[in-house]
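Subject: Handing over a structure

Hello,

Here is the structure I am passing on to you. My notes on it follow.

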Amino acid sequence: MEESNENKEIRRPRYAEAYYKKNTYYKRISIIKKILSHIILIIVGVYSIFPIYYVILTSLSSVNSIAETSLSDLLPKFFSLSNYYLILFKYPFLTWLGNTLIFCTASTAIGIAFAIIAGIGMSRFNIPGKKAILYMMLILTMFPFVVMVIPLYFMFATLHLIDTYQGLILAYTGGALVYSSWLIMNYVNSLPRDYEEAAQLDGLTQSQALFRILVPMSRPVIIFATLVAFMGPYTDYALAGQFITTPSMYTLAIGLYYTSTGTVVMNYNVYAAFSVLMGLPLFILFFVFQKYLVTGFSLATYK
């Protein structure tokens, strides 16, 4: 039965009104979601930035103790660079920075070089006891590095490597090697073998194909592993504080402790200024290599 023209004219406005209401409802929901997400992001942003703001503010103030602070101190009143002057010109900050860079650079370079060989080897070759090695590496990555300080100390003391550059570099190299090898191996596992097989057809040997093809393709994870391996020794105090006793060999972390510790209480303004100076190289590294860090963290989380 054909619908009359009069009924069609009555239904069209009803459909349009229902569509308009539905469209308006979804628009309101979308606006509310955006407002809520922006509020949450602002809260998270303030929560994340506030410690950095407070450390910088404290480094420019003359407040020595947290007990002396109040809510009014959260707003800047006056700035003083006396804490930075004290650290840079009254303490051997540059010597400590040089020692830290020597330990970090040497251990990172050696550790990553061996990690590349170990990661690619375990990914592409059937090594005897491979499963046992992988499980051991996985278990070792679960332990915090601090629990190994005492065994390492006794072992290196037996080898007369305490209070030497070689001893601490060797200890840091072992820490960088395990996690980096595991990370690089997992990344290389995800690469198809077709590339290296094609390179071998073009005349390269197997080892040449592995290192001339896989290493450039693994650049994101290698850079990420390098940054992680560098940051560990840079901020370490537990191992360096036990291994190094000669003041001229102190690292930044040891210097931070001795500089900011007063006779009775900790000098938080000096501590904050030292933290800012110590964190600048890491900030620059994060800024320059942020693309690889984001990629590396996503790879590490995925694996």
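In which helix of the chain is confidence lowest, and in which is it highest? It is lowest in helix 13 (residues 290-302), at a mean of 67, and highest in helix 3 (residues 93-124), at 91. Confidence here is pLDDT, the predictor's own score for each residue, from 0 to 100. Over the chain the mean pLDDT is 82, and 87% of residues reach 70 or more. Helices are DSSP runs (H or I, at least four residues), numbered from the N terminus.

Some ground rules. This is a predicted model: local features need pLDDT of at least 70, side-chain atom pairs count only at pLDDT 80 or more, and totals for chains, interfaces and linings use all residues. Residues are numbered from 1 along each chain as its sequence is written, and side-chain values use heavy atoms, without hydrogens or water.

**Pockets**

A pocket is an open set of points on a 1 Å grid over the protein atoms alone, where a 1.4 Å probe fits, with protein on both sides within 12 Å along at least five of seven lines; lining residues have an atom within 4 Å of a point. Points are joined across faces, edges and corners, and a volume is the space filled by probe spheres set on them.

The largest pocket has a volume of about 620 Å³. Its lining has 21 residues, and Phe 145, Gly 174, Gly 175, Ala 176 and Tyr 179 lie nearest the centre. Helix 4 (130-142), helix 5 (149-158), helix 6 (165-189) and helix 9 (219-235) each give two or more residues to this lining. Helix 6 has the largest share, eight residues. By class, the lining has 15 nonpolar, five polar and one charged residues. Nonpolar means Ala, Val, Leu, Ile, Met, Phe, Trp, Tyr, Cys and Pro; charged means Asp, Glu, Lys and Arg; the others, Gly among them, are polar.

The second largest pocket has a volume of about 420 Å³. Ser 275, Val 276, Gly 279, Leu 280 and Phe 283 are the closest to its centre, out of 16 lining residues. Helix 12 gives the most to this lining, with eight residues.

**Core**

A nonpolar core is a set of buried Ala, Val, Leu, Ile, Met, Phe, Trp, Tyr and Cys residues joined through side-chain atoms within 4.5 Å. Buried means under 20% relative accessible area (1.4 Å probe, protein chains only). The largest core has 35 residues; Leu 168, Tyr 234 and Phe 274 are among those with the most contacts inside it. Helix 12 gives the most to this core, with six residues.

Best wishes

Key: Buried < 20%, exposed > 50% of the residue type's maximum accessible area, 1.4 Å probe, protein only.
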